[in-house]
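Welcome! Please take a moment to look over the sequence and the 3D structure before reading on.

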Amino acid sequence: MNTRLFLMITLALCIGVVQGSEAQTKKLNVVTTLNYLKYVTEAVGGDHVSVIALANPRQDPHYVTPTPRMNEVTTNADLFIENGLSLDLWAKNVVDASGNPNIGPGSPGHLIATINVPVKELPTEVSRAWGDIHPQGNPHIWLDPFNIKIVAENIGARLKELDPANGDYYDKHLDAFKHRLDEKMFGSELLDLLGKKGGDILTRKAKDGDLVSWLASRHLDSKLGGWMKMALPLQGKKIISYHKTYVYFADRFGLSIAGELEEKPGIPPPPQHRDDVVALVKREGIKVILNDNFYATDAADYVASKTGAKVIVTYLDVWANEDVSTYENLITYLLEKVLQAQS
Amino acid sequence: MEQFFYLPSTMIWPLAACLVLTGIHVYLGVHVVARKVIFVDLALAQIAALGTVIGVLLGYEVGKDLTALYLYSLAFTIFGAFIFSATRMKGERVPHEAIIGIVYAVTFAATILVLSKSALGPQELDHIIKGELLWVQGHVVIKTAIIYALVGAFHFIFRKKFMAISFNPEQAEANGINVRLWDFLFYMSFGFVITSSVAIAGVFLVFSYLVIPSVGAMLLSEKLSTRLAIGWTAGAIISFIGVKLSWTTGLPTSPLVVVLLATGLLISGISRYLKHAPSIAIAFRNLAGGAIVVALFIGGVFYFGKPVEKPLDHALQLLSSEASTERQSGIAMLASFPDAQSDWQPLVMKSLHDNDAEVRKAAIGLLSRFQVVTAEKEILALLSDKSDDVRQAVLGAAKAYGDQDAGTVILQSAQKEDDPEMKIEMLETALLLRKAEAIPLLASMIEDGGIFASDAYDHLQSHVAFTFSIKETGKVKRWYEANRQKLVWNASTGKFAAKEG
């Protein structure tokens, strides 16, 4: 009798241990379209996620050719994360082809990372020409670190929903990541001064464009650090870009985008547009032309040869190059490049 | 007339590039059409592109290592020329065009394979096809013109041999010409030209210059020299018109030139038809008939275009879109339809509970803008929203409604708020809604000290008709306690004052 009881207890314990260790080692399989999403998911999910990004960070995120490997890795995914906003439309093909019912649009295993993000260039006027290139707004939201905090919150909430047992872990990592970004943005000295809600408050002030004047009025301007301090010399400086990729980046760091080289994505621009850009660059004394690494530089070179502006070939996604091996490095890299060209 | 010939200086180089292309390609086109190898330029251009992308794969960078990449594409082109000269078969057991097609398809596929492993994306293919005539720079045009002049001179010197192998290869062989060698030289010089041309103008413009003028001239004349004369003249005129029209209409240059070249071909086709028709009357009748069919077809295409939705319906439809940014757009558009409020109000009220904070914000904005009374309570409930953007929008809405009862709700929320800046904003909103109870709460925040004490002080001081310093919060509290029954809000100064007597 005793032996049987003993055996049963031992068996129950064994099962418990096995289950326990399974819960410990079983990671959530996450597939993301872009690499910055992978970076954020790893920052929030830590040891409890295993993440694969589908796109090559050096290639244009609008156009990614699906491969069988993509379908294969997506078949076992617990969570599929896309940027949305009509940027990574190819994601739909991958999700469909994977035959994975857990990650279909609208299911808990499918996340559009950009909800809650204030998206720019939304069509707000009723016009007869419904046709718009980006009817869902400008999708390149990730070059504004504030938006990355929102993306991280969205990812954190979804990881918690899929893996409630590790909810506290995700919360802790999310807060740590947001704090890290706030420190990078404003410098740790200022952040510590403002207390627990400092990151949120400074973020609101910066979004309203009041940050610098408010800091000055409170004699805190010397405490500002991080990217915001780096970007101070760039305030109000005008730049040109090839595609509307840098709208969020420019807005956050005080740059102003005076124009784009392409008039419509993928269509060669008409002659007047080209001449207008050249005239604009001359008139405003613009020194910087940002050209994403995956676009040909003919147009930028042409404008540079007529004006003396400098063409900067930039990377857009994490891991496109050893200089941009983290999200934080990507932002630092872009700021440094623009600062160099401006000086 | 002068007006007609005017061209802005910035369009001179694109036009010059077109004229250089016309010069060499009309001539080469005559050969290509005679040899029935129309698509050889597409294949050679693709081979050149493959050379470039392999150069990139091996570490050279576009925009930096120009010479190395050019040499890569040139080497590949010469290799292509070798393939084409070696595969030309006597008696056409396998048509040469078939070989060319195979080479084209295979190199295209190979290019995609290489691109999938390299830093360049499909833009590079797109770039090769479309070209960027507009961005061509003067020194490139001059360099190209010199190279083409040399190739032209080479062909002119050996014109008898080149003509013989293109137009009559059997005869040439019988005359003792080494057809394979001269074929190779032909394809090599041809590939040399194509590589440069495609870099400037893209595959489809180069193809058009090669084939369309030659075919058009063939329709009009049998004689080679006349064909060349017609091709060059027409090509030059159409180039000018194309570049000029591109400037005046704002359409992209290369595709416009291609379409105009085709128009020229159509005109030469019609004139040939009229010239050779047995009876002019019947010819005109047939042409008119054709024109009617085309007109009906085009008219039908437009007639069956998607009917335009009513703007209001469109905006309402956007509210139920799956994409949250489209829902935001829909709400923004509804602001133009105040008269249709009864149509949109229930839907927008539902949007107050959208899962995207930006949509909730937009809905709060619209409903408070039009003072939709039934929505006020639901909006105030969003004071506990997890997004501080939404909470701020609620405060804005409360001010817009100007409802004093809302002030009570906001005061309660403020006491629970742990974000000092947000708390100050809430208390200020309460003051604006004539809730004097916010005065001691703000005073307490000043006493708490810290960075936000100054903010709290600024806001409080600007809303009470009682002057005090930041250290005198006790004084304000006492003033409030003494006068709390007779504090009156003065809307014009935006301050609370104690009513006398």
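Predicted model: local features only at pLDDT ≥ 70, side-chain atom pairs only at ≥ 80, totals over all residues.

Residues are numbered from 1 along each chain as its sequence is written, while chains are lettered from A and ligands numbered from 1 in the order in which they are written.

**The two chains**

- Chain A has 14 helices and 8 strands; helices (H or I, at least four residues) and strands (E, at least two) are DSSP runs, numbered from the N terminus.
- Of the 343 residues in chain A, 47% are buried, a word that applies when 20 or more other C-beta atoms, placed from the backbone, lie within 10 Å of a residue's own.
- In chain B there are 25 helices and 2 strands.
- The radius of gyration of chain B, taken over C-alpha atoms, is 38 Å, well over the 23 Å that the globule rule gives for 501 residues, so chain B is more spread out than a compact globule. That rule is 2.2 Å times the number of residues to the power 0.38.
- Along the principal axes, the C-alpha atoms of chain B fill a box of roughly 125 × 60 × 50 Å.
- Buried residues account for 40% of the 501 residues in chain B.

**Where the chains meet**

- Here 43 residues of chain A are in contact with 48 residues of chain B, contact being C-beta atoms, placed from the backbone, within 7 Å.
- On the side of chain A that touches chain B, the elements giving two or more residues are helix H7 (188-194), helix H8 (198-208), helix H12 (271-284) and helix H13 (298-307) of chain A.
- The residues on that side of chain A comprise 23 nonpolar, 10 polar and 10 charged. Ala, Val, Leu, Ile, Met, Phe, Trp, Tyr, Cys and Pro count as nonpolar, Asp, Glu, Lys and Arg as charged, and the others, Gly among them, as polar.

**A sheet in chain A**

- An open sheet in chain A is formed by 4 strands in the order S2-S1-S3-S4, with parallel pairing; strands pair if DSSP finds at least two bridges between them.
- Strand S2 (49-53) and strand S4 (110-112) of chain A are at the edges with a single partner strand each, so one side of each is left without a neighbour in the sheet.
- Strand S1 (residues 28-32) of chain A is joined to S2(A) by 5 bridges, and Asn29(A) stands opposite Ser50(A) in S2(A).

**The nonpolar cores**

- The largest nonpolar core has 168 residues, of which Val40(A), Ala17(B), Ala45(B) and Val206(B) touch the most other members. Such a core is a set of buried Ala, Val, Leu, Ile, Met, Phe, Trp, Tyr and Cys residues joined through C-beta atoms within 7 Å.
- Helix H2 (residues 12-35) of chain B gives this core its largest share, 12 residues.
- A second, separate core of 53 residues includes Leu382(B), Met426(B), Leu427(B) and Ala456(B).
- In helix H24 (residues 452-461) of chain B, the buried residues are Phe452(B), Asp455(B), Ala456(B), Tyr457(B) and Leu460(B), and they pack against helix H22 (420-432) and helix H23 (438-448) of chain B.

**A buried residue in chain A**

- Glu328(A) lies in helix H14 (residues 327-342) of chain A and is buried, with 20 other C-beta atoms within 10 Å.
- Glu328(A) and Pro145(A) are 183 residues apart in sequence, and their C-alpha atoms are 8.6 Å apart in space.

Key:
Contact = placed C-beta atoms within 7 Å. Buried ≥ 20, exposed ≤ 12 C-beta atoms within 10 Å, placed from the backbone.
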